Amino acid sequence: RLLTNAFHFNILRDYTPLLHDSCQVFVEKLAEHAGNAETQNKAFDFSKACCLLTLDVMLRCTMGHESNCQLEDSEYTKGVLEATQLLFKRGASVQMFLPDFIYSLTEDCRKFRDICSMCHKFTAGIIRKRKTELEDSGQLASAENGHDSHKTI
């Protein structure tokens, strides 16, 4: 109930075309797998496909970035998927019971931190690019004049 006043479904209408495009790619991937006689009897990683759909939607809707991550592999998507696996691995094993300072000495933790660093750099790059685009179009200046300049973009 608290969010109802601040969040309205009209906000989602702007994102419908983006959601539709991402879901269309997802459905085409599923249809391709189901319709291909060679792949019909092979295992299909539905979880990975759902993760890539979610990542695609998040990048498009929250950052305005066309990643094509459902169709093309990138270091970012590989990193996100590997970080997810590392989190599940820790949660489903004895590592979950290790204190953080001991876990921080493991190879998995080092990998996870490296992946997080790479993902943060990628995200910061997208934000810088988007901010430059908004400044060039004059939209950022007009938004800052009418609102608190400490708000995020």
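The structure holds 6 salt bridges (a side-chain nitrogen of Lys or Arg within 4 Å of a carboxyl oxygen of Asp or Glu). This is a predicted model, in which local features need pLDDT of at least 70 and side-chain atom pairs count only at pLDDT 80 or more, while totals for chains, interfaces and linings use all residues. Residues are numbered from 1 along each chain as its sequence is written, and side-chain values use heavy atoms, leaving out hydrogens and water.

**Salt bridges**
- Lys 89 and Asp 108 pair through their side chains at 2.9 Å, N to O.
- Lys 89 lies in helix 5 and Asp 108 in helix 7, so this pair ties together parts 19 residues apart in sequence; helices are DSSP runs of H or I, at least four residues, numbered from the N terminus.
- Asp 108 is buried, at 9% relative accessible area, whereas Lys 89 is partly exposed, at 44% (buried is under 20%, exposed over 50%, partly exposed in between; 1.4 Å probe, protein chains only).
- Glu 107 and Arg 110 form a salt bridge with their closest N and O atoms 3.4 Å apart.

**Nonpolar cores**
- The largest nonpolar core has 10 residues, including Leu 55, Leu 59, Tyr 76 and Ile 126; such a core is a set of buried Ala, Val, Leu, Ile, Met, Phe, Trp, Tyr and Cys residues joined through side-chain atoms within 4.5 Å.
- Helix 4 (46–63), helix 5 (75–91) and helix 7 (107–137) each supply at least two residues of this core.
- A second, separate core of 5 residues includes Phe 26 and Leu 53.
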